[in-house]
Amino acid sequence: MGRTICALLLLLASVTQGFAQKVDLDSALLCLDRAIKQSPQFVAEKQQTIDRLTTKLSETTDTRARFRLSHELFEEYLAFVNDSAIHYLQQSVALAERMGDASLAGECLSELSFQYSNTGMYDEALFTLKRIDEHALDQSGLVAYYRACNHAYSEMAFYARIDSLQQQYRQVAHRYEKLLLETADSTDVRALQRREMTFMDNGSTEQSLAVNDLWMKQVKPGTHAYALTTFYRYLEYGLRGDSIQKMHWLIESATSDVRNAIMDQGSMWELANQLMINGDIDRAYRYISFAGNCATRFGTRLRSWQLSPILTAIDSKYQQYQVRDKRRTLIFLVAFGLLSLVLAFSLYDVLRQHRRLRAAHRQVNEQNAQLTSLNEQLSVLNAKLSTHNTKLATANSVKEEYVGHFMRLCSMYIDKMDNFRKRVNRMVKSHEYNDLYQLTRSQEFRDRELEDLYVSFDSAFLHLFPNFIDDFNALLRPEERIVVEEENTLSTGLRIFALIRLGIDDSSKIAEFLHYSVNTIYNYRARIKNGALCDRELFEQHVREIGKPT
């Protein structure tokens, strides 16, 4: 019901925006807050759609039908999970080549290059463009090719730090932009998007807004395409200095992204930045945290790098507000303490003055009841404070033990390296070059050290969390539970989630520690979460709660 009301409000704002003088931004933000609360539902619906398409793809043998389903899966994953989007687009390229359709394969390669450059993979983007036979492309394929070339070189120009390279990349990007606009139909969305950005870059907001109006007519409200169109509208009103309309369209874009389970949340982190500038730190902090979680799921380092400055700025502001609130709380507690002393003195004086007056007995009882209530509230506060102190002590204990363990490991490793150095030095002095070659050629030393590292990690982790395996298995269905072969050891899957319990949830960092590929780590996580008793999206959160005091 709440979702329907928000949709009606946003649709009404969209219809009347041409003549509305003021937009109720508070209502729009409330609709966005409701959408964020419902985000797990939207993500689940998105996953259901993907699962349905994946099942159909596995059951289909016709090449053209498989191409269509693979491309649909790419579009579903496009702003949801980057690695999966790239996978299904690569699969679409292979199927198009199998059909002998060079134009279709080239168009898919252009889309693949665009996805690479959009996520900071510029070498891959340029390499993919070189695979395309421009002469084999039809009009649609050429538009996609020119658009991918323009985007790749524009992004490289933006992030280049050498002036000569910037100028060179801009010239190439401008050449492909010109080819794009010459080749595409005037109503082609890809051309409209590029033309609108060009007008904005030149400061021609009247013309860019007119192009955006044409673009808006071609998209359905509430879709991801609508979110992109409204984001461009936000940029235009920002250039025009219309802060109300600017914020309205930015909120509209962010809300559409959330409802479409978009993980590449550009609108959301820009909205958080604007709210921080406007002083709404609490909401900005919630929004940037949400956008950060989405970026982690989307799976590109570029987005995390782009989010980092905003997150740092908002966190700094948030901490300043926290310090201010704590100062106010302290002042309040001091004042409350003084008032309590005054009240206690007053009660004492009343009791002393009216000790002999039986008529005041009822009033004394009421005063005692008030004092009892205050004492109960104080007891509740003390209980909460004790709980927080316990949690803090536990966390400090874990940190201290890990620091000590780390220092021991470093000392042991230094000793091993020194012994190895001495051994190599002796062999060099003795001219035992062949033995030295055989010694350094073998990976046995590395494998043994890795094994010792994992044994040490397992022992230290299970010492800190002795019930981790049982508690972890309690989160899984009986048939999915993990049985370890040796006592005080962890399997690879358990080791992955042990690192997540310690706060390391980035698949790339886990892969570096365990010496696996990122895809292997991703598959382990996905397979184990599929066996969870709870909602798979909440599984890792439950893992992070293992061992914490209740």
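A crossing of two helices is called left-handed if the near helix is turned anticlockwise from the far one by less than a right angle, and right-handed if clockwise. Keep that in mind, everyone, and I'll come to the pair of helices it applies to.

First, some housekeeping. What we have here is a predicted model, where local features need pLDDT of at least 70, side-chain atom pairs count only at pLDDT 80 or more, and totals for chains, interfaces and linings use all residues. Residues are numbered from 1 along each chain as its sequence is written, and side-chain values use heavy atoms, with hydrogens and water left out.

Now the overall picture. The protein has 24 helices and zero strands; helices here are DSSP runs of H or I with at least four residues, strands are runs of E with at least two, and both are numbered from the N terminus. Of the 550 residues, 39% are buried, and by buried I mean under 20% relative accessible area, with exposed being over 50% and partly exposed in between, using a 1.4 Å probe and protein chains only. As for contacts, meaning heavy atoms within 4.5 Å, take those with a separation of 6 or more: 63% of them join residues 24 or more positions apart.

Let's go to helix packing. Two packed helices are described by the angle between their axes and the distance between the axes. The axes are lines fitted to C-alpha atoms, for helices over the stretch in contact, and the angles run from 0 to 180 degrees between N-to-C directions.

Here is the pair I promised. Helix α11, residues 205-217, and helix α12, residues 224-240, have axes that come within 10 Å and cross at roughly 165 degrees. That makes α11 roughly antiparallel to α12; the cut-offs are under 35 degrees for roughly parallel, over 145 for roughly antiparallel, 65 to 115 for roughly perpendicular, and oblique for the rest. The crossing of α11 and α12 is left-handed. On the α11 side, the residues making the contact include L209, W215 and M216, and on the α12 side they include Y226, L228 and Y237. Sorted by class, this contact has eight nonpolar, five polar and five charged residues. For the classes, Ala, Val, Leu, Ile, Met, Phe, Trp, Tyr, Cys and Pro are nonpolar, Asp, Glu, Lys and Arg are charged, and the others, Gly among them, are polar.

On to another pair. Helix α21, residues 492-501, packs against helix α24, residues 536-544, at about 70 degrees, with the axes 8 Å apart. These two are therefore roughly perpendicular to each other. From α21, F497, I500 and R501 meet F539, E540, V543 and R544 of α24. That contact has four nonpolar, no polar and three charged residues.

So what surrounds I500, setting aside its neighbours within four places in sequence? I500 is in contact with D505, I510, R525, E540 and R544. I500 is buried, at 0% relative accessible area.

Beyond four places in sequence, A254 contacts L32, Q265, S267, M268 and L271. A254 and A35 lie 219 residues apart in sequence, with 9.7 Å between their C-alpha atoms.

Next, rings. The structure holds 21 aromatic pairs; rings of Phe, Tyr and Trp (its six-membered ring) pair if their centres lie within 6.5 Å, with planes under 30 degrees apart counting as stacked, over 60 as edge-to-face and the rest as tilted. Y77 and F80 make a tilted pair, 6.3 Å centre to centre with 35 degrees between the planes. Y77 is buried at 10%, and F80 is buried at 0%. Another tilted pair is Y145 with Y146, at 5.7 Å and 55 degrees; Y145 is buried at 8% and Y146 at 7%. Ring pairs also link Y454, F457, F461, F465, F468, F472, F497, F513 and F539 into a cluster.

Last, backbone. Most residues other than glycine have a negative phi, and most peptide bonds are trans. A261, though, has a positive phi near 55 degrees. Where is A261? A261 sits in the loop between α13 and α14, and is buried at 2%. H515 also has a positive phi, about 60 degrees. H515 lies in the loop between α22 and α23 and is partly exposed, at 44%.
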